[in-house]
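Subject: Structure handover

Hello,

Here is the structure for you to look over. My notes on salt bridges and strand pairing follow below.

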Amino acid sequence: MPHGPPKPPASFITRKASILQQLAVPATDYTDLSPKGSVDEGIRHLIDELNAYEGFVTTSSCAGRVSVFLEGSRGDVPGQGLSQQDSVPFGGDDPQERQTQAGVGGKGGGGTWLFVSHDPIDTRGVSHDDDAALRRLLGLDSVSEDLDEMMTEGCRLIHFKFEPMILHVLAASPFHAQLLLRCSLPSGFRESGALNIDGGRGGPTTPMVAVRTMGLGFSSLVGYESANGTRRAAVSASYLRTLLEIGNTRFAENAKRIDRFRTALRDAVAGPALRGTVKVGEDGIKWEDAAARRERKRAEGLRRRAELSAAGSGQHGDNRRGTNSEDEDNDILGSQILLHGI
């Protein structure tokens with residue numbers, strides 16, 4: 001009988017209870033530190049399932065999003081901008097109130113989202129003849145008449161982005177973290193990984209797993225905010241529409257990968273390794289995975305070959321290719337097929 005997973009330590013149980021208590025708050029009252037301030041509906045079902053399993057609890061998440069992001073302003077002297085702690089908060093939609101500075105690097109210190117959606121964008125609501133409406137939807141005021149202005153002092157760059165799902169999950173043990181990674185990596189979240197895998201100062205090891213992929217994401221420079229606070233598009237409305245369509249395509253692929261991860265997680269949790277019990281098939285026989293079945297078939301084939309060799313030592317070679325030997329070949333061939341199918 002296989003060993004079951006280790007029991008979650010008390011520190012993990014306490015933290016999970018606290019997180020679940022926060023998540024149990026009604027949606028109308030719930031808020032967190034994310035820009036959106038709440039759990040994305042697109043993965044609420046996945047989060048609920050993960051948190052229902054004993055050895056996992058989600059700590060942060062994003063279902064995926066398209067956004068238009070305005071960088072934080074940079075200081076007058078390269079490398080001498082204000083730190084994020086010293087920055088002035090963003091001041092609203094009035095161009096005269098959009099005065100802020102931040103350290104070099106874009107985010108923080110006044111960087112802000114001009115547009116965010118966690119769902120595909122229905123572009124049918126914006127007429128192809130109304131370019132101004134499209135720009136307003138994305139937080140842009142006008143079209144640039146001089147792209148050289150974009151690199152002048154005091155300008156802040158504007159980016160269109162698609163970011164796929166990211167999920168941070170606290171695991172009760174390295175065993176649980178490895179199981180989660182075995183589900184996420186083949187599902188398309190290829191940059192998934194874990195931190196805090198050594199336990200630190202002798203305490204229990206509770207790794208933090210990030211389920212993520214960089215392959216679906218993209219970013220495109222689409223405009224800038226001038227020194228007087230006007231946000232200008234540096235690309236055509238047609239180009240902006242193309243970006244939205246690409247974003248919608250990425251949303252569809254993101255959803256497929258989330259479904260694959262969810263299915264893989266269900267199968268893994270239902271398996272004998274996490275349950276700590278022997279899994280029985282529909283015929284009442286002990287369930288075995290492909291590797292175990294391959295090894296069993298190999299052992300049976302070798303044993304059968306030895307029996308045939310002993311029984312047929314006094315017979316002609318042609319008579320040794322009977323039904324049992326054919327069954328042996330089929331078993332060996334079947335084992336090879338299973339190997340290639342892994």
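Glu49, Arg262 and Arg266 are linked in a network of salt bridges. A salt bridge here is a side-chain nitrogen of Lys or Arg within 4 Å of a carboxyl oxygen of Asp or Glu. Searching the whole structure gives ten salt bridges.

Some ground rules. This is a predicted model, in which local features need pLDDT of at least 70 and side-chain atom pairs count only at pLDDT 80 or more, while totals for chains, interfaces and linings use all residues. Residues are numbered from 1 along each chain as its sequence is written, and side-chain values use heavy atoms, with hydrogens and water left out.

Helices (H or I, at least four residues) and strands (E, at least two) are DSSP runs, numbered from the N terminus. For burial, buried means under 20% relative accessible area, exposed over 50%, and partly exposed in between (1.4 Å probe, protein chains only).

Aspartate 131 pairs with arginine 241; their closest N and O atoms are 3.3 Å apart. This pair ties helix α3 (residues 131-137), which holds aspartate 131, to helix α5 (residues 237-270), which holds arginine 241, across 110 residues. Aspartate 131 is partly exposed, at 30% relative accessible area. Arginine 241 counts as buried, at 12%.

Glutamate 149 and arginine 232 form another salt bridge, at 3.4 Å from N to O. Glutamate 149 sits in the loop between β4 (142-143) and β5 (156-163), and arginine 232 in strand β10 (residues 231-233), 83 residues apart. Glutamate 149 is partly exposed, with a relative accessible area of 23%.

Glutamate 225 meets arginine 156 at 3.1 Å, N to O, in a salt bridge. Here strand β9 (residues 218-225) supplies glutamate 225 and strand β5 supplies arginine 156, 69 residues apart. Are these two side chains buried or exposed? Glutamate 225 is buried, at 2% relative accessible area. Arginine 156 is buried too, at 2%.

Strand pairing

Two strands pair if DSSP finds at least two bridges between them. Which strands does β8 pair with? Strand β6 (residues 166-171) runs antiparallel to strand β8 (residues 208-211), and four bridges join them. Leucine 170 has methionine 208 in β8 as its bridge partner. Strand β7 (residues 193-195) also runs antiparallel to β8, with three bridges. There, alanine 194 is partnered by valine 209 of β8.

Best wishes
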